[in-house]
Amino acid sequence: MVVAWVLMAALFSVSWFVNRERTLEAARLAWSLFREVLPMFVIVLVFTSLSLGLISEEVLLELLVGRGLLVGSVTGAVAGSIAAIPSSVAFPLSAILLDKNVPYTVIAAFTTTLMMVGVVTFPLEREYLGFRAALVRNLAGLAMALVVSVAIGCFFGELP
Amino acid sequence: MSGKRSSLPFWVVLFLAFAAFVALSSALHFEPGTRCGVDFLAFARTMAGLLPPTFLLVGLFHSWVKRETVEKHMGRESGVQGYFWAIVLAGTIVGGLFVALPLCLVLQKKGASMKVILTFLNASMICRIPMTVFEASFLGVGFTIVRFAVSIPLLILIAWGMSSWLGGGFRISEP
């Protein structure tokens, strides 16, 4: 957290000295981006708190944590392929899950498929690439998610 | 959304209802309800610490890096440079597929090879800088570095494999 603040402060000071107008524009942009995602943010936070508080955490996280890395990662990958949420909401949500002991391996499967595989956006993709190419690209994304998860798992010592 | 002037947006109503539920729970000593409130506050505190610098960094990125500047390099450069610019251009994308797919068409008209176009398309999903800022802030820089190190070679590999499988006659079509 400290790193993000220090980096932001450093870059903002540099930007301020080089060009004040652009720096102000950056602040305005940041504010309008924030305003855009705020509703979705509140909705996701409320539902996450409600489900974690009312249904017991063990039940809810059973598939992600309790049944081993393989089941967890497959669940994460399925959720990531179907869900269509912006990264400004998805990563904070991932941080919450991480805090609830969901392994990095599972988080990586979720975030990578969220980026690379889109069931919801598939019709759009098909219009440009055609059915075959769009399908293969999404499947390749799924394969990539698998490799990334394994790499992340090894890096954080969750996999041997 | 276009309803009466007095109607509140859904998220505000949801938040107020949630706050009321937590307040009532704590008054009635309904433990699961209070726990929701405690969880929410903990999440909100984490977000409050990380969201301002993250959004400001993303704002800085947008005000300094203009997509059009990078786009100029595409199509003309070939070989390794083509891939390099494909990934850099992808980094500047905002709005995901809705922006990236039409840009693929633009690149095709400029004469970029299918390998470069597909590299760009895949990179636009996993190398977007604003997204990466969020990832690094919330999951740590280590996570981001490992993911990049693994996925950049993979996305070029996928682009190579796909374009040779699709053959030379493959074109991205206007929707």
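Mentor: We begin with contact: two residues are in contact if their C-beta atoms, placed from the backbone, lie within 7 Å. Take Ile117(B): not counting residues up to four places away in sequence, Ile117(B) touches Cys104(B), Leu107(B), Gln108(B), Ala112(B) and Ile172(B). This is a predicted model, so local features need pLDDT of at least 70 and side-chain atom pairs count only at pLDDT 80 or more, while totals for chains, interfaces and linings use all residues. Residues are numbered from 1 along each chain as its sequence is written, and chains are lettered from A and ligands numbered from 1 in the order in which they are written.

Trainee: How many helices and strands does chain B have?

Mentor: Helices (H or I, at least four residues) and strands (E, at least two) are DSSP runs, numbered from the N terminus. Chain B has eight helices and zero strands. Read from the N terminus, its elements run α-α-α-α-α-α-α-α. Of the contacts in chain B with a separation of 6 or more, 70% are between residues 24 or more positions apart.

Trainee: What percentage of the residues of chain B count as buried?

Mentor: A residue is buried if 20 or more other C-beta atoms lie within 10 Å of its own, exposed if 12 or fewer, and partly exposed in between, with C-beta atoms placed from the backbone. In chain B, 37% of the 175 residues count as buried. Ala90(B) is an example: 23 other C-beta atoms lie within 10 Å, so Ala90(B) is buried. Ala90(B) sits in helix α4 (residues 80–91) of chain B. Leaving aside neighbours within four places in sequence, Ala90(B) is in contact with Phe120(B), Ala123(B), Ser124(B), Cys127(B) and Arg128(B).

Trainee: Which residues touch the most other members of the largest nonpolar core?

Mentor: A nonpolar core is a set of buried Ala, Val, Leu, Ile, Met, Phe, Trp, Tyr and Cys residues joined through C-beta atoms within 7 Å. The largest one has 82 residues, and Ala86(B), Ala90(B), Cys104(B), Ile117(B), Phe120(B) and Ala123(B) touch the most other members. The element that gives the most to this core is α2(B), with 10 residues.

Trainee: Which domains does chain A have?

Mentor: Domain bounds come from an automatic or database domain assignment. Chain A is divided into domain 1 (1–54) and domain 2 (55–160). Their centres, taken over C-alpha atoms, are 24 Å apart. Eight residues of domain 1 of chain A are in contact with eight residues of domain 2 of chain A. For chain B, the assignment gives domain 1 (10–62) and domain 2 (65–166), with 35 Å between their centres over C-alpha atoms. Here five residues of domain 1 of chain B are in contact with seven residues of domain 2 of chain B.

Trainee: Which residues of α4(A) are buried?

Mentor: Helix α4 (residues 68–82) of chain A buries Gly72(A), Ser73(A), Gly76(A), Ala77(A), Gly80(A) and Ser81(A). These residues are on the same side of α4(A) because they cover an arc of only 160° around the axis, the arc being that of the directions from the helix axis to the C-beta atoms. What covers them includes α3 (57–66), α6 (104–116) and α8 (131–155) of chain A.

Trainee: How many of the 13 residues of α5(A) are buried?

Mentor: In α5(A), 10 of the 13 residues are buried, so this helix is largely enclosed by the rest of the structure. The cover of its buried residues includes α2 (20–54) and α6 of chain A together with α2 and α7 of chain B. Just after α5(A), Asn101(A) takes a positive phi of about 70°.

How values were computed
The expected span of a helix is 1.5 Å times one less than its number of residues.
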